Amino acid sequence: MLVKTFGAAVHGIDAILITIEVNSSRGCMFYMVGLPDSAVRESHQRILSALQVNGYKIPTSNLVINMAPADIRKEGAAYDLPLAIGILAAGEMISADKLPHYLIMGELSLDGTLQPIKGALPMAIKAREAGFQGMILPRQNAREAAVVNNLSVYGMDSLKEVIGFFNSESDPQPIVVHTREEFQREQKESLFDFADVKGQENVKRAVEVAAAGGHNLLMIGAPGSGKSMMAKRLPSILPPLSLAESLETTKIHSVAGMLDRHTSLITHRPFRDPHHTVSQIALVGGGNYPQPGEISLAHNGVLFLDELPEYNRNALEVLRQPLEDRKITISRVRSTVEYPAGFMLVASMNPCPCGYYNHPTKPCVCSPGQVQKYLNRISGPLLDRIDLQIEIVPVPFEKISERSSSEASRYIRERVVRAREIQEKRFATCPGIHTNAQMTPKLIGMYAQPDEKGLSLLKTAMTRFGLSARAYDRILKVARTIADLESSSDIQSSHLAEAIGYRNLDRESWI
């Protein structure tokens with residue numbers, strides 16, 4: 001008897017429909033074809049044990065299992081459940097009537113209980129696109145998949161429950177998640193607030209400009225000056241995630257297996273801060289079976305690199321292309337995977353090995369050569385891609401001891417949201433462009449051209465600081481954002497002057 005069950009394979013952040021064909025005929029052999037990896041082949045032993053514990057036996061016949069399309073590699077243990085159901089249906093131990101209407105995925109324990117899987121959300125989206133009535137998967141993944149409307153999602157605890165469902169011995173209720181209501185309910189205030197930051201008004205202004213335009217930011221200053229403190233508060237002033245952004249971000253974390261079982265949607269912008277020992281692969285993604293890296297997990301959020309010069313230089317250099325293209329393409333012999341990587345890069349660093357170069361009270365013990373060598377750990381091309389470079393001076397005692405609170409994040413966020421709304425209207429007809437930081441040279445020419453006085457100021461700055469052509473574009477983008485914060489349609493000289501001030505850490509002008 002030939003039966004078909006249906007599963008899905010994750011490719012990037014999307015899923016591909018997999019048809020599992022099981023043919024039972026006379027004989028006593030077991031064959032599995034269709035490019036399964038070792039984990040899928042090992043499913044035979046897990047299925048055998050799960051069936052025996054629950055009072056079933058693998059049919060004593062010739063079993064041939066094909067996983068189509070055969071040119072796509074099937075990876076992981078998540079195919080255990082559809083394989084087991086297909087084998088039982090081929091042996092006429094369960095009814096096959098409902099099988100064409102459901103997509104099935106789940107990993108089996110030896111006792112038949114179901115273990116959570118990765119990528120449940122993109123699989124559920126694919127199930128709806130393919131016209132399935134419902135999806136059966138482990139209960140731990142049910143809320144994640146139930147975000148997809150017009151699809152009945154059943155969370156099961158064991159193989160026995162699934163068998164009972166297909167034999168119509170039980171009538172489980174599908175998991176229901178009211179996506180929009182839950183999305184609104186989970187929108188909460190951040191634990192971190194700029195009201196906690198004493199002083200540093202110029203740095204807070206730079207952070208506000210970066211948030212308003214989606215610009216990359218580098219903070220350089222002595223230890224304890226507040227770099228990490230302000231970086232952690234940046235998400236609190238970014239605009240809230242839209243539902244579309246939330247779904248896209250959730251898909252990435254679902255594929256990486258990083259969603260909590262009680263979480264159906266990610267409702268806050270991600271903040272990722274990998275340690276400086278992170279490898280290239282962990283940063284950009286990849287591996288034998290490509291997985292999203294830190295830059296993709298930070299999509300629609302913030303990637304914070306603390307102590308930037310301590311990172312492996314090769315790891316930092318691979319950031320250059322994603323910073324421009326807002327995506328990362330991982331190529332392997334058998335496949336090419338693309339992950340989104342639209343993140344804000346926020347980095348911090350000490351100005352020298354001892355940390356006290358340009359400190360107002362503590363002397364620096366480093367020679368000029370040591371300072372230069374330390375800064376040379378950050379390449380010029382990478383530095384060019386960072387729009388705002390701001391120096392942080394330690395807060396004096398008078399400011400630290402003040403009892404009054406600084407401006408709260410919610411007020412800064414209001415200004416940022418207004419500036420973002422201006423940009424959304426401006427780029428409404430430009431697909432993929434949402435913020436000033438994403439402007440192409442053509443769009444810069446249309447929306448960020450200064451007047452004659454501004455051009456003269458910019459020429460002087462380019463000559464004096466030795467800035468590159470890329471830095472020229474970055475200054476215009478930042479100036480456009482500053483003008484948006486002031487609701488100004490034109491870029492004025494004061495906007496350009498402030499934007500140029502945020503480039504004062506370029507090597508030619510700083511040492």
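Between which two strands is the loop that holds Met 29? Met 29 is placed in the loop between β2 (14-25) and β3 (30-33), where strands are DSSP runs (E) of at least two residues and helices are DSSP runs (H or I) of at least four, numbered from the N terminus. This is a predicted model, in which local features need pLDDT of at least 70 and side-chain atom pairs count only at pLDDT 80 or more, while totals for chains, interfaces and linings use all residues. Residues are numbered from 1 along each chain as its sequence is written, and side-chain values use heavy atoms, leaving out hydrogens and water.

**Met 29**

- Met 29 counts as partly exposed because its relative accessibility is 44%; buried means under 20%, exposed over 50%, and partly exposed in between (1.4 Å probe, protein chains only).

**Ser 152**

- Ser 152 lies in strand β9 (residues 152-156).
- With a relative accessibility of 24%, Ser 152 also counts as partly exposed.
- Beyond residues up to four places away in sequence, Ser 152 touches Gln 133, Gly 134, Met 135 and Pro 174; contact means heavy atoms within 4.5 Å.
- From C-alpha to C-alpha, Ser 152 and Leu 2 are 26 Å apart in space, and they are 150 residues apart in sequence.

**Largest pocket**

- The lining of the largest pocket has 40 residues, and Arg 326, Gly 432, His 434, Thr 435 and Gln 438 lie nearest its centre; a pocket is an open set of points on a 1 Å grid over the protein atoms alone, where a 1.4 Å probe fits, with protein on both sides within 12 Å along at least five of seven lines, and lining residues have an atom within 4 Å of a point.
- Elements giving two or more residues to this lining include α10 (243-255) and α18 (409-426).
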